[in-house]
Amino acid sequence: MLQISQLHKSYPIGDSSLHVLKGIDLSVEEGEMVAIMGSSGSGKSTLLNIIGMLDEADSGDYILDGLKIKDLTEKKAAVYRNKFLGFIFQSFNLINYKNALENVALPLYYQGMKRKERQELAMYHLEKVGLANWAHHLPKELSGGQKQRVAIARALAANPKLLLADEPTGALDTVTSHEIMAFIQQLNDEGKTILMVTHEEDIANMCKRIVRLRDGVIIEDTKVEQVRAEQHV
Amino acid sequence: MFDLDLWREIFQSINKNRTRSLLSGFTVAFAILLFTILFGIANGLKNTFKEEFADTATNAIFVMSGRTTVANEGYQAGRQIQFKNEDYEYIKEEFKDKIEFITSVVMRNANASYRNEKNSYNLVGVYPDYQFVEKNEIIEGRYINKNDLDNETKVIVIGRLVEEDLFINESAIGKYINLNGIQYKVVGIFMDEGGDNEERIIYMPITTAQRVYGNNDYVNRINLTYSPDLNYDEALGFSSLLTRKLKTRFSVATTDQRAIRVFNMAEGTQQVDQMTLGLTVIILVIGFGTLIAGIVGISNIMIFIVRERTKEIGIRKALGATPRSIISIILIESILITTIAGYVGLLIGVGVLELVVGDKLEVYFITNPGVSYSLLIGATLTLIIAGAIAGYLPAKRASEIKPIVALRND
C-alpha cells in the first residue's frame, strides 16, 4: 500500500537548517491501522504531511499504491490527494460558512461529480457517521465530536485508499475521543487503511501498530494488541 | 464554459460574507459614482462651449465695411466704403475654388404686423446660401430659392419665434405679413440653435430687399464659408489674402483696420477646440485617477480576503482543489463585485446627472450634462478588466498558498 525509504526532510531556519526527518523507512500494508507517536519536534507531523502530499521530501522514495510520488505539479498533487487520500485534522478544518452536507460534498465537487449525485453520496456518508439530521447545520451549530464526525464523513466521501489523521482526538474530551476512535476502528474493520499521528498512549493503543519517532528517526515499530474503544464508551 | 457549480460557490462565498463584499463593492461604486458625475459635468461644460458657437458654421468668414481711417491714393480719410453686388460677384469669381457657400446681405429693420399682432424685427435680404452659412434649419415650408431672386418675389422666411409672436394658434405658412406697408407671403419657418435673437429674424430674397429699400445694388456685408478642405493655416491665409485684395480693390491703405474688416471664425474655433481638448485631458486624468484608486482599493480588499480565507483555501487544496479552481473563485468573485458595484455607482451617477443636476446648472455654463452610451459600454468593459486586474494578484497569491502552511494557521 505504502512504501517509504530513506526519506529526508529539512527546513531552513535563518542561515542554518533543521533536519527534521533523517532517513525514514516505513511500509504500510492495506488494512493496517498505524499510530505514529513521538514528542513534539520528533518529525511525526512532517512525515504525515509528506505522506499526505501536503509537503514534499528533500530526498528518498515514496510509493503510494504502486505510484511513485515525486516532483508533483500542484495540479497533479491536487488530483492525487483527492483520489487517494482522506484527511482528518485535530481542528476539524470544516469550512465555516458551508453546512455539514456541503462540507462533506466538497471533495466530490473537486472530482467533478454532478450536484445531485454528490449530495446524495454526501448524505449517505453523513448517515454513516450518524449525523443525517444535522446535514443542514453550520459547523458552529455542532459540538466538537459532531464536527469531527462531519470531517470523517468528508474524508470518506471520495472513497480514498488511505485515511490520514493528525491528532484526530486532540481537541476532544475523553468520552468523545473514544467515540471517535470507536468509529475509526470500525472503518478499519471495514478494510480502510488508517495512518494516525497522536501523542496519547491510550489512543495509540487503539491502533494495531505503533511507530515511534524521535529526532527524525524511527526508534520503535511494533505491532500491538488492539484495545477496542467500545470498552471505554 | 458555464460552470453552474463554480458560480454557486462564488455566490455562496459572497452571500455568506456580506459585509466584506459590500465593503469592497462600496469603494468601487463610489469611485465610479465620482467618475460619472465628473465626466457628466465636464461634458456639460463642453456642450456649453459648443452651443455658443453652434449658430454659425465654424468655417464662416464675415466681410464688413466701414469708413477709412487712413488717407490713401489721393483719397481722404473718413470715406465710407460701400459693397455692391459686383463686389459679391468679384469675390465669388476670384476665390471660387476656396469658397463653399457665399451670400451678400442687406440688413434692415422692419415693423411687422399680422392682424392685430405687431412687432419689430431684423429684416435680412439674402441669397439661398445664407441658410448654410448661418446653419438655419427649416422646420416648415422652404427657404429662399433662386426663383425668388430672379423674380424679386415678395416672399419671406420667418424665425420660429416670429411665428410664435405674430400667429396665435395658427400656422404662418401661406399667410401674408405686412412689413412697413407691403404684404409678404410666408413660405418657410426656420429654427436656429444660437438663441432667441437668432430666431426673431425675417429673411427675404436680396433682390427684393434691394428693390424695395433704396432701389440700388448696395449690400451691407458679405458672408461666406470656406471649403472644408482647407486646414486651419490655409483658412487664415485665405482670409488675409481676401483682405488684401479687397483693400486694393477699394484703394484702402493696408494699415487701415476699419474700412475693410474680415472676421474669420476659424480663429475662434481654434481657441474653443484647444479649450475643449484641455478639458477632455483633465477629465480623463481625473477619471482614470479615480478608477485606479478604485482598482487599488479592491485589490487591497481582495488581498485581505485571501489572507482571511487562507485556511479555507488550504482546506480546499487538501481536499483536491487545483490551483486553477482557486484562481477562478477569487478572480470571478473580484470581477463580479467590481462589475456589480461599479454598475450601481454608474447608475446612481447617471441618475444624479439626469434627475438632480439636470438643467439647473445652466447658469454655471453646464448644459445638458450626461454620459453617452458608448461611454457606458466602455465603462462596463473597463470595470470587468479592472476587476480582473484587481483580482489577479490576490488570486495568484491564493493559488500559491501551501496547504500545509494554511492548515497550520490556526
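## Reading sheets, helices and a chain contact

Tutor: Helix α5 (residues 144–157) of chain A lies across β6 and β7 of chain A, and the helix runs at about 170° to β6(A). Keep in mind that this is a predicted model.

Student: Happy to! Which strands form the open sheet in chain A, and in what order?

Tutor: Six strands of chain A make up this open sheet, in the order β6-β7-β8-β3-β9-β10, with mixed pairing. From one strand to the next, the twist averages 15°.

Student: Which strands stand at the edges?

Tutor: Those are β6 (85–88) and β10 (217–223) of chain A. Each has a single partner strand, so one side of each is left without a neighbour in the sheet.

Student: In what sense do β7 and β8 of chain A pair, and over how many bridges?

Tutor: Strand β7 (residues 162–166) of chain A and strand β8 (residues 193–197) of chain A pair in the parallel sense over five bridges.

Student: Let's turn to β3(A). Are its residues buried or exposed?

Tutor: A general idea comes first. In a regular strand, side chains alternate between the two faces of the sheet. Now the case here: A:Met33, A:Ala35 and A:Met37 point one way from β3(A), A:Val34 and A:Ile36 point the other way, and all are buried. With five of the five residues of strand β3 (residues 33–37) of chain A buried, the strand is largely enclosed by the rest of the structure.

Student: Why is helix α1 of chain A described as largely enclosed?

Tutor: The general idea is that an α-helix has 3.6 residues a turn, so residues three or four places apart point the same way. In this case, eight of the eight residues of helix α1 (residues 44–51) of chain A are buried, so the helix is largely enclosed by the rest of the structure. Among the buried residues are A:Lys44, A:Thr46, A:Asn49 and A:Ile51. Just after α1(A), A:Met53 takes a positive phi of about 60°.

Student: Now chain B. Which strands pair with β8(B), and in what sense?

Tutor: Take them in turn. Strand β5 (residues 137–141) of chain B pairs with strand β8 (residues 182–191) of chain B in the antiparallel sense over four bridges; B:Glu140 has B:Ile189 as its bridge partner. Strand β6 (residues 155–159) of chain B pairs with β8(B) in the parallel sense over five bridges, and B:Ile156 is partnered by B:Val186. Strand β7 (residues 176–179) of chain B is antiparallel to β8(B), over four bridges, with B:Tyr176 opposite B:Lys185.

Student: How many residues lie between β7(B) and β8(B) in their hairpin?

Tutor: There are two, and B:Asn180 in the turn has a positive phi of about 45°.

Note on methods:
Residues numbered from 1 in each chain as written. Chains lettered and ligands numbered in written order. Predicted model: local features only at pLDDT ≥ 70, side-chain atom pairs only at ≥ 80, totals over all residues. Pairing = 2+ DSSP bridges. Buried ≥ 20, exposed ≤ 12 C-beta atoms within 10 Å, placed from the backbone. Axes fitted to C-alpha atoms, helices over the stretch in contact; angles between N-to-C directions. Contact = placed C-beta atoms within 7 Å.
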